[in-house]
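Dear colleague,

Please find below the structure that I am handing over to you. My notes on what was found in it follow.

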Amino acid sequence: MPNAATPYGTLPPASPPSLRKPLSLPRLADLHARGEKITMLTAYDATFAAMADAAGVECLLVGDSVGMVCQGLHSTVGVTLDTMRYHTESVFRGLRRVQGTAWLIADLPFGSYQESREQALASATVLMQAGAHMVKLEGGGWTTETVRFLVERGIPVCAHLGLTPQTVHALGGYRVQGKGSEAAALLKQQAHALQDAGAAMMVLEMVPAALAAELTGELKHCATVGIGAGRGTAGQVLVLHDMLGINLGKMPKFVRNFMADAPGVAQALAAYVRAVKDGSFPDDQLHAW
């Protein structure tokens, strides 16, 4: 397959399609079981999705962070289901054009699953029909039965605990979650309940590294993906624009700018994959909470 030119550079040569097997839940579970780190980045459009896939990123998350990154919103709360559908379709088309293999996850936005399990199913159906392989929802406790309801109906689910941006106002801001024995015990209880309900993946955001590592060892059937949660998780995720050094606000201290030492976007993406795989990212010393 010849290199493909894009407005942001040339895509690195990909393996022949016959050698590039699409990611699936069994393949992700195998990576988790073997202890190989899982790589994930957000993606909101066709071009960056294709570039991330070519670099070997295994999971692409169409995050509701699109509201802050692309729409200029102050939080994810204003993102609509229609917005998520549009960007999921865009990413899916980008992957299809380059015979991409990445596992595609889409966020259920605020207000699209809180009312009832039936509302969650209807919203998840919209995103799955747009091309998602899995949907992600935030929070523990009441979400457990929603996760079970979706999984029983054939919809893979990624959970999200710790800092949950959709409820940032209730949490008192963007602050670390799970500090202290009581908070840690609650987070662990919620994580196990979500695994038991069928969640196959779980984002752990801004939780103490020791707690995230402990949970990762306990959750045998649910791969943890950390963001600001140390290197002990089964995988890592970053907002694409953050790891490329593009941010309209204050860059989180756990983020590394992979463009700083790379001649182009494609090389920065490849460097991110290598750093996650070999364990050199993240640096636990940068956020020892």
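Helices (H or I, at least four residues) and strands (E, at least two) are DSSP runs, numbered from the N terminus. The model is a predicted one, in which local features need pLDDT of at least 70 and side-chain atom pairs count only at pLDDT 80 or more, while totals for chains, interfaces and linings use all residues. Residues are numbered from 1 along each chain as its sequence is written, and side-chain values use heavy atoms, with hydrogens and water left out.

The pockets come first. On a 1 Å grid over the protein atoms alone, a pocket is an open set of points where a 1.4 Å probe fits, with protein on both sides within 12 Å along at least five of seven lines; lining residues have an atom within 4 Å of a point. A volume is the space filled by probe spheres set on the points.

The largest pocket holds about 900 Å³ of space. Its lining comprises 35 residues, and Ser 65, Met 68, Val 239, Asp 242 and Pro 252 are the closest to its centre. Helix 3 (66-69), strand 8 (201-205), strand 10 and helix 10 (240-243) each contribute at least two residues to this lining.

The second largest pocket has a volume of about 340 Å³. Among its 19 lining residues, Gly 139, Gly 140, Gly 162, Thr 164 and Gln 190 lie nearest the centre. Which helix gives the most to this lining? Helix 8 does, with 4 residues; this helix spans 181-197.

Strand 10 (residues 235-238) also deserves attention. Gly 235 and Val 237 on one side, and Gln 236 and Leu 238 on the other, are all buried, that is, under 20% relative accessible area with a 1.4 Å probe and protein chains only. Strand 10 pairs in the parallel sense with strand 3 (residues 38-42) over 4 bridges, and with strand 9 (residues 223-227) over 2 bridges; two strands pair if DSSP finds at least two bridges between them. Met 40 has Val 237 as its bridge partner, and Gly 226 stands opposite Gln 236.

Finally, Ser 123 sits in helix 5 (residues 117-129). Why does Ser 123 count as buried? Ser 123 counts as buried because its relative accessibility is 5%. The side chain of Ser 123 reaches the backbone oxygen of Ser 112 at 2.5 Å. Apart from neighbours within four places in sequence, Ser 123 is in contact (heavy atoms within 4.5 Å) with Leu 81, Leu 108 and Ser 112.

Yours sincerely

Key: Buried < 20%, exposed > 50% of the residue type's maximum accessible area, 1.4 Å probe, protein only. Polar contact = N/O pair within 3.5 Å; in protein donor to acceptor, adjacent residues only side chain to side chain.
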